[in-house]
Amino acid sequence: MDTEVLRWLLAQLGPDTDPSDLAQRYERLHSARATAQEVLTERISTLLAEPLRVTVNGIATIDQSGNVAALERRLHQLAGQAAPDDVAEGLLEVLSGIPLVPRQRR
């Protein structure tokens, strides 16, 4: 993973994200977008595993539903953004292999 991909991932996921964790995920997934999606999905799952709203009568209320909605919006926004390691559309269709066959010389 190069520094441009790491900077993009930190910009998408926040500066507190562990770069070594991102590097391991990127090596496994081979895509910055897939890495960011996996981290965001994991964060959503972590929030959903706990109660979203806890109320202590007359003292405090903690509501995490806004955080889940924000992470889900961020996950959907990633689909429309270009990642630094994305292959341009149509580029794979343009590339083709031409076999070279040796000819007999005179």
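**View 1. Who does R25 touch?** Setting aside residues up to four places away in sequence, R25 touches T35, E38, V39 and E42; contact here means heavy atoms within 4.5 Å. This is a predicted model, where local features need pLDDT of at least 70, side-chain atom pairs count only at pLDDT 80 or more, and totals for chains, interfaces and linings use all residues. Residues are numbered from 1 along each chain as its sequence is written, and side-chain values use heavy atoms, with hydrogens and water left out. You'll find R25 in helix α2, residues 19-29. (Helices are DSSP runs of H or I with at least four residues, strands are runs of E with at least two, and both are numbered from the N terminus.) R25 is buried, at 9% relative accessible area; buried means under 20%, exposed over 50%, and partly exposed in between, using a 1.4 Å probe and protein chains only.

**View 2. D21 and R25 pair up within helix α2.** Their salt bridge has its closest N and O atoms 3.0 Å apart. (A salt bridge is a side-chain nitrogen of Lys or Arg within 4 Å of a carboxyl oxygen of Asp or Glu.) The two sit about one helical turn apart, because they are four residues apart in α2. D21 is partly exposed at 24%, while R25 is buried.

**View 3. E38 meets R28 in another salt bridge.** The N to O distance is 2.7 Å. This pair links distant parts of the chain, with E38 in helix α3 and R28 in helix α2, ten residues apart. Both partners are partly exposed: E38 at 24% and R28 at 49%.

**View 4. D63 and R53 bridge two strands.** Their side chains meet in a salt bridge at 3.7 Å, N to O. D63 belongs to strand β2 (residues 60-63) and R53 to strand β1 (residues 53-56). D63 is partly exposed at 40%, whereas R53 is exposed at 55%. Elsewhere, shared partners join D21, R25, R28, E38 and E42 into one salt-bridge network.

**View 5. Now for the largest nonpolar core.** Of its 15 residues, W8, L9, L13, A32 and A36 touch the most other members. (Such a core is a set of buried Ala, Val, Leu, Ile, Met, Phe, Trp, Tyr and Cys residues joined through side-chain atoms within 4.5 Å.) Helices α1 (3-13), α2, α3 (32-49) and α4 (65-78) each supply at least two of the core residues, and α3 gives the most, with five. Beyond its neighbours within four places in sequence, L13 is in contact with L22, A36, V39, L40 and R43.
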